[in-house]
There are 2 protein chains.
Amino acid sequence: MSLRSLFPVLKWGRTYSRSQFGSDLMAAVIVTIMLVPQSLAYALLAGLPPEMGLYASILPLVAYAVFGTSTALAVGPVAVVSLMTAAAVGRIAAEGTADYASAAIVLAFISGLMLTGMGLLRMGFVANFLSHPVISGFITASGLIIATSQIGGLFGISTHGHAMPELLTSVVAGIGQTNLPTLAVGLVSLALLFWIRTGLKPALIKLRLPARLATLVVRAGPVMVVLLAIAAAGAFNLGARGVALVGDVPQGLPLLSVPGLSIDLVTALFFPALIISIVGFVESVSVAQTLAAKRRERIDPDQELVGLGASNLAASFGGGFPVTGGFARSVVNFDAGAATPAAGAFTAVGIAVATLLLTPYLSLLPKATLAATIIVAVLSIIDLSIFKRALGYSRPDFAAVAVTLATTLVFGVETGISAGVLVSVLIFLYRSSRPHTAIVGRVPGTEHFRNIKRHAVETHPEIVSVRIDESLYFANARFLEDCIYGLVSDDPGIRHVILMCPAVNIVDLSALESLEAINERLSGLGVTFHLSEVKGPVMDKLKGTHFIHELTGQVFLSQHQAISTLASGAPVIKRPAASV
Amino acid sequence: MSLRSLFPVLKWGRTYSRSQFGSDLMAAVIVTIMLVPQSLAYALLAGLPPEMGLYASILPLVAYAVFGTSTALAVGPVAVVSLMTAAAVGRIAAEGTADYASAAIVLAFISGLMLTGMGLLRMGFVANFLSHPVISGFITASGLIIATSQIGGLFGISTHGHAMPELLTSVVAGIGQTNLPTLAVGLVSLALLFWIRTGLKPALIKLRLPARLATLVVRAGPVMVVLLAIAAAGAFNLGARGVALVGDVPQGLPLLSVPGLSIDLVTALFFPALIISIVGFVESVSVAQTLAAKRRERIDPDQELVGLGASNLAASFGGGFPVTGGFARSVVNFDAGAATPAAGAFTAVGIAVATLLLTPYLSLLPKATLAATIIVAVLSIIDLSIFKRALGYSRPDFAAVAVTLATTLVFGVETGISAGVLVSVLIFLYRSSRPHTAIVGRVPGTEHFRNIKRHAVETHPEIVSVRIDESLYFANARFLEDCIYGLVSDDPGIRHVILMCPAVNIVDLSALESLEAINERLSGLGVTFHLSEVKGPVMDKLKGTHFIHELTGQVFLSQHQAISTLASGAPVIKRPAASV
C-alpha cells in the first residue's frame, strides 16, 4: 500500500488546475445550498439537535477530500444512517439528553475506526455479502419507517419508536392532539417542496429561464422553504401558537473534542456501529461506482473504506454523528461538474459559513418544515418495484427481499438487515447443497456432451457420465454420494462412472472424503470411477491426495477423450431429443 | 410420504424370517452385554443417576426398530451427546437435584420433537452444513473434554465444568485431595479395560479359543469389570474407605410418564436441543450410511430423522435422556449379524432384564470404574490425524478444524459447534466471492478453449474471452463487474467481450443487475457484450429478462461458435504455453 494510494489527494493534488478549481467551486456552492436543509433535517431524524447535522457536514467532507477516491461523492448525514443512529442510540439514552448526543458522537467514532481498520486490512469484500435484494428491501423499509416517523412532526404530536408497530400505535394514539397551526406549516412546506421537485423547473422554463439557471433555482428551493418558514414563524409568532420550533442553538462552530469513551458504551454500540458501517459503505460505494462509471473512472473500494472511516472519525471529533456518501447530493455534485474531491472540501467551507450565518435564525425554524423535508427526501428511496422484479426473476430472490422488508418494518433496522443477510446466505447454501446434475451423452458427430434430457445424444450401456454443476464442498458432498450410489444401484450393467467436472471450482476436504468413499464403494461393486474436465487449480489440489492415488479409473483432460478411451468398440445407444 | 416409508417396520416385518430372528437375537445378546456398562457410564457423564442410562437404552431402541431404516444402527446414550446434555442442563439446575434430571428428560423431549418435525418436513439436508472438518474437530475436542472430566472420578476428587479451562483448574485445585483407594480402583479398572480392548483377544486365540468365541469374551469384558468392581467393593468394604459408590437406585423398571414442561424450561433448552439434535443426527446418519454401504443397502436420511426423533420422545417418556446412534455399538451389532431393526427391540428386552437383575447390586458399583469405562470408550473418538490431513490439503479446511477444536475446548460444545459452522460458511462465501477467472484462447486446430496462462492458444486482438469459474451471485457480483471493467480499461483495442459460462449454475438477481450494468457500460464504450456456453437451466431463467432483451451482443451455444462468428477473417495472436 503506497502513500499515494492511502492519500489519493497526493495524486490528484499535484495536477490540480485552475479550470478544475472553477468547476469544483461551482459544484460546492450548489451542494452547500442543498446540504443545509438536509443536514438540519437528518439531525432531527437522528433525534439530535439540528446544529449537529451542520457539524457533521463540515470536517467529514474535508477528511473525505483527503482520503476518498471518488471525484463526485458527497458525504454527510443521510436518511437511512440517521434512522439507524436513532435506533442504536435510543436504546442507551433518552432523546434530548446530553448522553444521547454524546452516544451518537461515540457511534461515529467506533464506526470510523471500524471502517478505517477494514480499509487498511483490504476488507472491502465484506460489502459483497449484502445482496441487491437485501439492500433494496432494507432501504425501502427504512424509507417507509422514516416517512412514518415524521408524521408526528407534521401533525405536531409526539410519536416514538424505530419500527412500524410502535410508530403506528403512537401516531394513532396521538392524532387527536394534532396542533392545527403545525399541521398547516407542515402541509404548506410539504406542498412547496413537492412542487419545487416536480413543477418548478417546467414553470421556470416556460418563463424562458435558461435550463441551467432553472436547475440552480430548483436546487436552492428547499433552503428557500427553510428561510420562508423561519420568516413565517417570526411574522406570525408561531411559537406561541404551539408550533414546535428548533429553539436556541449554540452560536458559531464547535471546538474539536475527543469523544468520551467507556467500555459499557463501546460494548453496547459495537454491533450497531458494525451494521451502520457496512450499510453506509455499501450505499456509498455503489453511488461512487455508478458515478465513476459514467466518467470512465475507477474507484478503489478498500480505499473508500478508509475515506469513509476518516470521515466518521472527523465527524466524531467535530461534534457530529455517523455520515456516509449520499445518493442525491452526489448526483447533484456530479451534475454540477465537481472535478476532484476538492469540491467536497469547498462544500465544507460553504457549510461552515452557512452555519455561522444561519444559527442566529435557526431557533425560529418550525420542526414541521424539517419533517416535510425528510418526507420528500425519502420518497425517492422507497422502491417497491424490486418486489416485482424479484418475483418475476426467482423465488429465492423474492424471499430475500420480502424477509428483509418485513423484518425491518416489524422489528427495526438491525434485526432487519441481519435477517436479510442470514436468509440470503441460507438460500445460497441450500441451492448449492442440491446442485444441478445431468447425465450426459455425446452430440453425434461432435466432441460436445450434453444433458440426455435436453438433447439428442449417444451413450454407452456400460458407461454413465454425470456432470455436476457446482463446486464440491461440505454442503453438497453427501448429495454427490447419494446421486452416484443411486445411479449405480438403479442400473447393475454399469461398469464405468465418469464424473465430469467442468463446473467444479473447489473440492473441499469434506467433498474429497466423499470422493474417496465413492471410489471405495464403486470399487467394491466392480465399477471403475473416472474424472473428466477437471480444472487446473482443482487438479493441482487433488494431485497429492490419497484419493488420486487410490482412484480405480483415470483423470481425463476432456470428456471426449474419456469416452474415446473407455467406449472404443462398445455398443452405442442413440437417444432422441426429449421434448422438455 | 406413504405409511410404509413412515413405518419401515411394515416393510421388513412382512418378510421377517426365522433365520433373521436367529441372527437378530444373537446380535441383541452381544449388544446388551456391551451396552449395560456404557449406559451406566454415559448417565454418569451426563451428571445423571446411572439407572437413567439403562432407561435410555430400553424404549428408544423399540421406537427405532419401528421407525428407523438402518438394519444395524444401535441407538442409546452416547458420549458426545451426554456431554452436551450435561452442558445444557448444568446451566439450569444443580447436578444431583430432581430439577436436573427432569430437565434432561425435557431436553430429550424437545430434541425428539425437533428431529421428528425435521424428518416429516424432509429437512435431512440441514446435516449437510456440518462439514467433515467441523464434525471431526468437534468430536475430537469433545473426546478430550470428556476424558479430562473423568479424571476427577478416577482420583476421587470433585471437578466441575464442561470446557477445558474450568475443568483443568478444578483438577489442579483438587489433586491434593486424591483418595488413594479410589485411584487404585480407577487405575485397575482402566488397566483391565485397556487390556480387554487390546491384549485379551490375542491371548485367548493363543489359548486356542475360536476367534468368534474370543470376540464374544472381549465384548463381555467391560460388564465383567463392572461385576468385578461390585464384588471388590463388597468384599473390601470400599465405601467405608472413601471410594464413591453409585449408591441406592430405584428397583425395577420406570413407569411411563409425561415430561413436566414449562415455557421457561423450553426456552432455555431450545438452542441446546437444536444443536444436540443436529449433531446427534449427523453422527448417527454417518454411522448408518457407512454400515449400509457395506451391505449395499440404502438408508433414508429424512426417515432417519423420524426414527431418532421417535427414539428421543421414547427416551423422555421412559425417564431417559437424549440418545442417538452410537458408532461402536452399531459396529458390534453389525458384526454380530443383526439382520433387521428387530435386533434393537430384542436388545431393549435384554437391557430391561439386565436392569431388573442388576439394580439390586448397582449400589456397590464404584464410580471410578465407570469413569475408567468412559475414558477407554472416548479414546477411540479422539482423532488428531484430521489436523494433518486438513493442513496437507487446504488452509481453509485446516482453519475450520482448528477453530472448531479450539473454540470447543475453550468455550464448550455449543459455542464450539456454532463457531465451526460459522467459520466454514464464511470461508466458503469468501472463496466463492473471489472466483477463479481465466482469459481463454483456442487450442490450435481444436474446438477447445483454455486458460492463456496455462496453455499454448490462439486469441484475437479485438476479442477478449473470460471464463468465470463460479455461479454468479450476490457475493461475487461486484467482483465480476470489477474484473470486466478492468480488462476493458486495460486494453482500449477490445471490441468484443465474451463471458464464457460453463461453470455458472445460478445467476441470482444481484448478479443479473451486475450483468445489466456491464452491458450498459460496455455499450457506452462501444464494446459488444456476449455470453457463451450458458447452461440450460440458467438460460431458462435469463430468457424473460430485461438483460437478454438489451444485450448488445449474442448468446452462443459454444465458445467455438462465438469465436467463429466474431473473429472470421480477424488477425490471430499465437501465444506460447506459459511455464507456470
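How many helices and strands does chain A have? Chain A has 26 helices and ten strands, where helices (H or I, at least four residues) and strands (E, at least two) are DSSP runs numbered from the N terminus. The structure is a predicted model, in which local features need pLDDT of at least 70 and side-chain atom pairs count only at pLDDT 80 or more, whereas totals for chains, interfaces and linings use all residues. Residues are numbered from 1 along each chain as its sequence is written, and chains are lettered from A and ligands numbered from 1 in the order in which they are written.

Along the principal axes, a box of roughly 100 × 60 × 60 Å holds the C-alpha atoms of chain A. Of the 580 residues in chain A, 54% are buried, a residue being buried if 20 or more other C-beta atoms lie within 10 Å of its own, exposed if 12 or fewer, and partly exposed in between, with C-beta atoms placed from the backbone. When contacts in chain A between residues at least 6 apart in sequence are considered, 80% join residues at least 24 apart; two residues are in contact if their C-beta atoms, placed from the backbone, lie within 7 Å.

The contact between the chains takes 48 residues from chain A and 48 residues from chain B. On the side of chain A that touches chain B, at least two residues each are supplied by helix 8 (132-149), helix 19 (385-393), helix 21 (413-433), helix 22 (474-490), helix 23 (509-524) and helix 24 (536-542) of chain A. Helix 21 of chain A gives the most to this side, with six residues. The residues of this side of chain A comprise 19 nonpolar, 15 polar and 14 charged, with Ala, Val, Leu, Ile, Met, Phe, Trp, Tyr, Cys and Pro counted as nonpolar, Asp, Glu, Lys and Arg as charged, and the others, Gly among them, as polar.

Helix 8 of chain A also contains A:I146, which is buried, with 25 other C-beta atoms within 10 Å. Leaving aside neighbours within four places in sequence, A:I146 is in contact with A:L45, A:A79, A:L83, A:I374 and A:V378. From A:I146 to A:H162, 16 residues apart in sequence, the distance is 8.2 Å, C-alpha to C-alpha.

In helix 26 (residues 559-566) of chain A, the residues A:Q559, A:A562, A:I563 and A:L566 are buried. These residues cover an arc of only 90 degrees around the axis, which puts them on the same side of helix 26 of chain A; the arc is that of the directions from the helix axis to the C-beta atoms. The buried residues of helix 26 of chain A pack against several strands of chain A, including strand 3 (437-442), strand 6 (463-468) and strand 8 (528-532).

In chain B, the axes of helix 3 (residues 18-45) and helix 16 (residues 327-335) come within 8 Å and cross at roughly 155 degrees, where axes are lines fitted to C-alpha atoms, for helices over the stretch in contact, and angles run from 0 to 180 degrees between N-to-C directions. Helix 3 of chain B and helix 16 of chain B are therefore roughly antiparallel to each other, since angles under 35 degrees count as roughly parallel, over 145 as roughly antiparallel, 65 to 115 as roughly perpendicular and the rest as oblique. At this crossing, B:A27, B:I30, B:V31, B:M34 and B:L35 in helix 3 of chain B meet B:R329, B:V332 and B:N333 in helix 16 of chain B. The residues of this contact are six nonpolar, one polar and one charged.
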